[in-house]
Amino acid sequence: MEATTTHMPLGGALDVLNRRRKDQVVVSTMTTIAPWRERDVTERDLRCVGFMGGASTFGLGVALARPDVPVWVLDGDGSLAMQLGSLLTIADAAPRRFLHVVFHNGVYDTSGSQPVLSEGRMSFTGLAEGAGYAKAVRFEDVESFDAAFDELLEVDGPVLVELMTEPVRRDYQKPPVPTEQTAARSRRTGRPCVTRWRRPPRASRRRAPPAGSPCAA
Ligand SMILES: Cc1ncc(C[n+]2csc(CCOP(=O)(O)OP(=O)(O)O)c2C)c(N)n1
Ligand SMILES: [Mg+2]
C-alpha cells in the first residue's frame with residue numbers, strides 16, 4: 001500500500017519554534033517571513049527577501065562569524081532545491097549550533113503555487129544526510145515535531161528538520177491556460193501564445209479614498 005504524507009499548518013509549526021526561541025539568530029525567507037514577523041520579532045530576526053536559495057548560506061555566514069550564537073534558518077523547499085549545493089557547503093563547514101528548517105509545502109507558494117520538481121519523490125532529509133549533516137528528520141504533524149524538538153536542539157549540528165507543511169496561498173490566481181483561439185493565432189502569426197489575464201486588485205488599490213478627496217463618496 002502506498003504511504004500517504006500528511007501536512008501540518010505553517011502557523012502551528014512556527015509556534016513550536018517560537019515557543020523555544022531564546023537568543024537564536026533566525027533567518028526567515030518566503031512564506032515564513034510574514035507569519036514569523038507577527039510573532040516575537042527581535043533584532044536577531046533577519047529576512048532573506050528575493051535572494052531565493054540564499055537563506056541557508058546567509059545563516060551559515062552568521063554562524064561562522066558568531067559560533068557562540070545558535071542560528072535557525074527557516075527555508076523554503078523550492079529555494080533549497082534551487083541551491084542544493086548549499087547543503088554540501090553547510091555540511092563541510094559543520095556549524096555546531098545550526099538548525100536548518102525546511103518548510104516542505106511542495107510548491108513555490110510565494111510565486112503562484114507551481115509544483116516543486118520531483119515533488120512526492122524526493123526527500124530533503126535524504127539529501128541532507130547524503131550531504132553530511134549531523135542529523136536530519138522529517139515531521140508530518142505539529143505534535144510529533146513539538147515532542148521531538150527539545151532533543152534536536154541538543155544535537156551538535158548542522159541539523160536539518162523537514163516539515164511537511166500546507167501551502168498558505170491556495171487562492172492565488174493563476175494565469176489562464178491559453179484558449180484554442182489564442183493558440184491558433186499564435187500558430188498563424190508565429191507570435192508567443194499569450195492569454196491576457198487581469199491581476200486581482202491589490203488591497204491598497206481597493207482602499208477608500210481619504211475624506212475630502214474629490215473621489216470620496
Ligand atoms: C533566483 C530566483 N528565482 C526566482 C525567484 C522568484 N520567486 C520568488 S519566491 C519564489 C518561490 C519560492 O518558493 P519556496 O522556496 O518553496 O518558498 P514558499 O513560497 O513555498 O514558502 C520564486 C520562484 C527569485 N526570487 N529568485
Ligand atoms: Mg515551497
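How many bridges join S7 to strand S8? The count is 5, and the two strands run parallel. Strands here are DSSP runs (E, at least two residues), helices are runs of H or I with at least four, and both are numbered from the N terminus.

This is a predicted model, in which local features need pLDDT of at least 70, side-chain atom pairs count only at pLDDT 80 or more, and totals for chains, interfaces and linings use all residues. Residues are numbered from 1 along each chain as its sequence is written, while chains are lettered from A and ligands numbered from 1 in the order in which they are written.

**The sheet.** The chain has 9 helices and 8 strands. An open sheet takes 6 strands, in the order S2-S1-S3-S4-S8-S7, with parallel pairing. Two strands pair if DSSP finds at least two bridges between them. S2 and S7 are the edge strands, each pairing on one side only. From one strand to the next, the twist averages 15°. Lysine 135 stands opposite valine 159 in S8. Helix H7 packs on the sheet and touches S7 and S8. The direction of H7 makes about 165° with that of S7. Axes are lines fitted to C-alpha atoms, for helices over the stretch in contact, and angles run from 0 to 180 degrees between N-to-C directions.

| Element | Residues |
|---|---|
| Strand S2 | 45-48 |
| Strand S7 | 135-139 |
| Strand S8 | 159-164 |
| Helix H7 | 142-154 |

**The core.** Buried residues (20 or more other C-beta atoms within 10 Å of their own, with C-beta atoms placed from the backbone; exposed means 12 or fewer, partly exposed in between) make up 31% of the 217 residues. The largest nonpolar core has 39 residues. Such a core is a set of buried Ala, Val, Leu, Ile, Met, Phe, Trp, Tyr and Cys residues joined through C-beta atoms within 7 Å. Leu160 is among those with the most contacts inside it. Leaving aside neighbours within four places in sequence, leucine 160 is in contact (C-beta atoms, placed from the backbone, within 7 Å) with residues including His100, Phe124 and Tyr133.

**A partly exposed leucine.** Leucine 88 lies in helix H5 (residues 85-93). Why is leucine 88 partly exposed? Because 14 other C-beta atoms lie within 10 Å. The C-alpha atoms of leucine 88 and glycine 132 are separated by 7.1 Å. Along the chain, these two residues are 44 apart.

Note on methods
Two residues are in contact if their C-beta atoms, placed from the backbone, lie within 7 Å.
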